[in-house]
Amino acid sequence: MKSGFWLLLGLGGVALLHVMSMSMVGVMYESHVQPERGLMLALKPNTKTNGARQIRGVSSSYYGSNSGVLPALSSSTSSISSSHAAPSVLRVAGDHRATRLKAAIFGDGGAWQRQNPNEIPQEVDNPLDKLPEAPRSTVDANGMTWSYSRTTGADSSKPTIVFAHGILSSSYSFRDALKILQRDGYDAVAFDWPGFGETSKPAPGSSFSYSADDYTAALKAFLGEIGLNDKPVVLVTQGFILGQYGVLFASENQDMVDKLIILNTPLGRATKLPDPLGSYQGFLKGFAFGKKPDAGMFHAAGGPYAFNYTDYQTLQQPYEQSEDARIAFEAIMESLDWNSLLKVVDYSYENFRKPGLVAFGTDDRYLELDQALSWLETKPTTTKLFAFPATMGHFPQFDFPEQMIETITRFANGEDYTAASEVAGAGPESSGGPDF
């Protein structure tokens with residue numbers, strides 16, 4: 001009966017199923033003006049609570065007291081509750097920009113601009129904008145031109161920290177992190193992976209195949225070209241697919257990595273690809289290819305806070321400027337065997353013997369803390385788990401870069417990263433701690 005039904009369904013039915021899948025993954029967006037940061041994109045409803053998303057200043061808010069710190073958990077920890085209680089919410093009411101945006105996170109970039117063609121977003125100062133940007137540079141490595149930012153005026157006695165972004169992102173996501181590290185005298189690098197940001201985007205079928213092996217080999221060449229082949233670094237990796245390639249690189253090149261910090265990266269073998277990434281896998285993937293991915297909305301939907309519109313535009317810009325960025329992204333998704341990648345990361349990390357830290361934003365809309373805990377059960381005890389005390393989502397570098405850097409530098413320097421946070425500022429909530 002089922003087979004007969006599918007035969008009768010035909011192409012029209014497949015199209016109908018595609019529309020149904022779009023409605024299932026679709027979300028409602030609202031635009032708000034936040035006093036501290038200007039126009040924000042907010043997701044409604046919250047995918048893990050029934051409330052709207054919270055709005056706060058990225059550098060002026062600290063959710064909760066220091067008592068909210070979750071002690072680091074070793075691989076011997078067997079379980080912890082990760083149910084998400086609905087947080088209290090700060091909303092901006094009565095603003096003329098509070099118009100719902102019926103935009104699915106699925107392959108169609110620029111939804112905000114299309115639905116608000118006459119809007120001129122109000123922008124105000126980000127407090128971290130008072131700090132100077134880390135200089136931008138390029139270098140040729142592995143047959144490609146790499147674009148990256150690197151801090152200046154570093155204290156040679158401090159460790160070098162290298163940031164690797166995830167898919168649909170770029171080194172721009174770590175710009176505030178590098179400002180803080182530059183102020184504090186660290187040598188820090190944030191690079192664009194091949195196919196993303198301002199780094200070269202080789203044509204599919206060239207010598208660069210957009211595979212995991214090609215990416216890890218290319219990263220090794222890049223680090224050598226910028227003088228880091230003989231100085232082990234603290235590698236910080238985050239996000240889907242490319243973030244996992246960062247974990248693979250550390251496992252395969254332990255002579256180049258002194259310590260590894262994994263920020264909200266898929267680890268457990270049961271992890272599912274969220275949309276829009278999941279739309280490029282399975283029998284409906286033909287409907288996704290050929291459309292601009294909405295990188296901005298992918299970031300906006302990953303956590304509990306409204307998203308800065310300037311950040312949205314910057315992350316979406318490569319896909320608006322040329323087809324090369326879309327083609328590079330699709331090349332990765334075309335060659336991706338998701339379940340195989342999860343298994344390879346799982347297996348390879350069992351041999352990682354350097355200090356490691358899984359630093360997790362517990363309000364991640366894409367990943368569950370339970371998956372990281374289960375993953376750690378079979379991993380070396382030199383790797384610990386730490387939940388950020390402030391509420392953070394899939395992109396801690398956007399949600400609260402000050403506290404993220406505090407944890408990173410403490411771990412990099414061999415200090416107690418579970419100690420009470422010294423980050424200044426008071427958030428709009430009276431309670432805090434991890435959102436379990």
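Student: Which residues of helix α4 meet Leu242, Tyr245, Leu248, Phe249 and Glu252 in α5?

Tutor: On the α4 side they are Ala212, Tyr215, Thr216, Leu219, Lys220 and Leu223, where contact means heavy atoms within 4.5 Å. This is a predicted model, in which local features need pLDDT of at least 70 and side-chain atom pairs count only at pLDDT 80 or more, while totals for chains, interfaces and linings use all residues. Residues are numbered from 1 along each chain as its sequence is written, and side-chain values use heavy atoms, leaving out hydrogens and water.

Student: How do the axes of α4 and α5 cross?

Tutor: The axes of α4 (residues 212–225) and α5 come within 9 Å and cross at roughly 65 degrees, which makes α4 roughly perpendicular to α5. Axes are lines fitted to C-alpha atoms, for helices over the stretch in contact, with angles from 0 to 180 degrees between N-to-C directions; under 35 degrees is roughly parallel, over 145 roughly antiparallel, 65 to 115 roughly perpendicular and the rest oblique.

Student: And α3 with α12, at what angle do those cross?

Tutor: For α3 (residues 175–183) and α12 (residues 401–412) the axes come within 9 Å and cross at roughly 55 degrees, so α3 is oblique to α12. From α3, Asp176, Ala177, Ile180 and Leu181 meet Pro401, Glu402, Met404, Ile405 and Thr409 of α12.

Student: Switching to the sheet, what is the strand order?

Tutor: The open sheet has 8 strands in the order β4-β5-β7-β6-β8-β9-β11-β12, with mixed pairing. Its edge strands, β4 (136–141) and β12 (383–387), each pair on one side only, and neighbouring strands are turned by 25 degrees against each other on average, direction ignored. Helix α5 packs on this sheet, where it touches β8 and β9, and its direction makes about 150 degrees with that of β8. Helices (H or I, at least four residues) and strands (E, at least two) are DSSP runs, numbered from the N terminus, and two strands pair if DSSP finds at least two bridges between them.

Student: Is β9 largely enclosed or open, and why?

Tutor: Strand β9 (residues 257–263) is largely enclosed by the rest of the structure, because 6 of its 7 residues are buried; buried means under 20% relative accessible area, exposed over 50% and partly exposed in between, using a 1.4 Å probe and protein chains only.

Student: What does β9 pair with?

Tutor: Strand β8 (residues 233–238) pairs with β9 in the parallel sense over 6 bridges, and Thr237 stands opposite Ile262 there. Strand β11 (residues 356–360) also runs parallel to β9, joined by 4 bridges, with Leu263 opposite Ala359.

Student: And how many bridges link β11 and β12?

Tutor: They pair in the parallel sense over 5 bridges, and Gly356 stands opposite Thr383 in β12.

Student: New topic: where is Gln281, and what does Gln281 touch?

Tutor: Gln281 is in the loop between β9 and α6 (295–300), and is partly exposed, with a relative accessible area of 24%. Not counting residues up to four places away in sequence, Gln281 touches Leu273, Met333, Leu336 and Trp338. Met333 is 52 residues from Gln281 along the chain, yet their C-alpha atoms are separated by 7.5 Å.

Student: Last one: is Leu376 buried or exposed?

Tutor: Leu376, which lies in helix α10 (residues 369–376), counts as buried, at 1% relative accessibility. Leu376 and Tyr349 are 27 residues apart in sequence and 9.9 Å apart in space, C-alpha to C-alpha.
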